[in-house]
Amino acid sequence: PAHPEVLPVGTTLDRYIMHRQHAFAFATGELSQLLRDIALAGKIVHREVNRAGLIDLTGEVGLQNVQGEAQQKLDVIADVRFRRALTNGKEVCALISEEEEGILFTGHNNGKYVVAIDPLDGSSNIDVDVSIGTIFSIYRRITPVGSEPSVEDFMQGGHEQVAAGYILYGSSTMLVYTTGYSVNGFTYDASLGEFILSHPDIKSPKNGTIYSCNDGNLDSYDEAVKKYLTVCRQRQYSARYIGSLVADFHRNLLKGGIYLYPPTSKNPDGKLRLLYECYPLAFLAGVTGCLAVNEQEAILNIKPVSLHQRTPFYIGAPKMVDELLECYKNEK
Ligand code: AHM
Ligand code: MG
């Protein structure tokens, strides 16, 4: 379908989603509703994240709060919130989450979509008031509507995503998503309870001067990565590493940079998960002009074999990723 006309900055997310839906003749509105469900859960998690310090005052994790309910950690709270929102919406028949080993069946076998989600990424930053994020990936199911969904629905491969995005709980909360045509960013106005279009049609700079990786792992990085990082230092690029993939990716997307999570001695396949961390960011990044690869291939080309598989992950401005790949080629 033709690219629907661009809406102005200040448009609310709901209006934006509705407008996009009308631009597609055969859209039934289910994907639109699903995106709204994700936004709603994002608002709730925004609220929980912002009062996390106060929750701590009322009791430690593992203890009971005044209502006699067990205190929950923020990542568990986020998992429950997203699961609930996606179940209540009825468009989703199954989901997988970083927090759960197996597939979660919503019971809505008439739902046409499955969702892979990392409800709250950046675990080391959760309790210390540093930016964290949610990452999501949406597929149209391939098992027949009405039947029980299965693992195949999640194993379609990165190119089959129909929508993907993230929510960044940073100095502002932002929802950034794509259905494959453009990438748009919405900033949350808590006083209105609305996500507002603030970053229409995001495009990545072709090149950049920021590199983001965990320097503490340097000794166990591949020679190619070490070489590339040496070049970054020689050029006096800026090292910026929050340790929250969403926040590091988002900054690099807007300013021009590369994020690297190479294989390490501790994580020989890399640390990040293909289905709900790498695929969604790779899909979204591609629409903005970024590249996302491991040392062998484009992330979206990787064949999925298991729900929680990991991959080395390099994502960012195309010139920077090309230079890294060049270092790999020279090592051969
Ligand atoms: P998590 O899913 O346990 O939060 O791990 C993913 C996070 C990413 O957000 C971040 O980029 C990376 O792990 C940081 O890892 P490290 O502390 O090894 O540098
Ligand atoms: Mg994670």
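**Questions on a predicted model and its ligand shell**

Student: Which residues are around ligand 1?
Tutor: A residue is near a molecule if its C-beta atom, placed from the backbone, lies within 6 Å of it. That test picks out Glu98, Asp118, Asp121, Gly122, Ser123, Ser124, Asn214, Gly243, Ser244, Leu245, Asp248 and Lys271.

Student: At what pLDDT do side-chain atom pairs count in this model?
Tutor: Residues are numbered from 1 along each chain as its sequence is written, while chains are lettered from A and ligands numbered from 1 in the order in which they are written. The model is predicted: totals for chains, interfaces and linings use all residues, local features need pLDDT of at least 70, and side-chain atom pairs count only at pLDDT 80 or more.

Student: Which elements give two or more residues to the shell around ligand 1?
Tutor: Elements are DSSP runs, numbered from the N terminus: helices (H or I) have at least four residues, strands (E) at least two. Two of them reach that count around ligand 1: β3 and α6 (245-255).

Student: How many residues of the shell around ligand 1 are charged?
Tutor: Sort by class. Ala, Val, Leu, Ile, Met, Phe, Trp, Tyr, Cys and Pro are nonpolar; Asp, Glu, Lys and Arg are charged; the others, Gly among them, are polar. The shell has 1 nonpolar residue and 6 polar ones, and its charged residues number 5.

Student: Why is β3 largely enclosed by the rest of the structure?
Tutor: Count other C-beta atoms within 10 Å of a residue's own, all placed from the backbone: 20 or more is buried, 12 or fewer is exposed, and in between is partly exposed. β3 is largely enclosed because its buried residues number 9 of the 9.

Student: How many bridges pair β3 with β4?
Tutor: Strands pair if DSSP finds at least two bridges between them. β3 runs parallel to β1 (92-97), with 5 bridges. With β4 the sense is antiparallel, and the bridges number 7.

Student: What is the bridge partner of aspartate 118 in β4?
Tutor: Aspartate 118 lies in strand β3. On the β4 side, aspartate 118 bridges to isoleucine 135.

Student: Which residues does UniProt list for "binding site"?
Tutor: The record is an unreviewed entry. UniProt positions follow the numbering used here, feature names are shortened, and annotations may be inferred rather than shown by experiment.

Student: What is the largest C-alpha distance among them?
Tutor: They are spread over 23 residues of sequence. Still, they cluster in space, with a largest C-alpha distance of 8.7 Å.

Student: Is glutamate 98 buried or exposed?
Tutor: Glutamate 98 sits in the loop between β1 and β2 (104-105). It has 20 C-beta neighbours inside 10 Å, so it counts as buried.

Student: Which residues does glutamate 98 touch?
Tutor: Contact means C-beta atoms, placed from the backbone, within 7 Å. Aspartate 118 has Glu98 among its contacts, along with Thr134, Ile135, Tyr276 and Glu277, leaving aside neighbours within four places in sequence. Not counting residues up to four places away, glutamate 98 touches Asp118, Pro119, Arg273 and Tyr276.

Student: Which are the edge strands of the sheet of 8 strands?
Tutor: This open sheet has mixed pairing and the order β2-β1-β3-β4-β5-β6-β7-β8. An edge strand here pairs on one side only, which leaves β2 and β8 (194-199).

Student: What is the order of the open sheet of 5 strands?
Tutor: Its edge strands are β10 and β12 (291-293). β12 pairs antiparallel with β13 (313-316) over 3 bridges. The pairing is mixed, and the order is β10-β9-β11-β13-β12.

Student: How far does α4 reach from its first C-alpha to its last?
Tutor: α4 (74-89) has 16 residues. Expected span is 1.5 Å times one less than the number of residues. That gives an expected 22 Å, and α4 comes close to it, reaching 22 Å.

Student: Is aspartate 129 buried or exposed?
Tutor: Aspartate 129 lies in the loop between β3 (113-121) and β4 (132-140). Its phi is positive, about 65°, although it is not a glycine. With 11 C-beta neighbours inside 10 Å, it counts as exposed.

Technical notes. Two residues are in contact if their C-beta atoms, placed from the backbone, lie within 7 Å.
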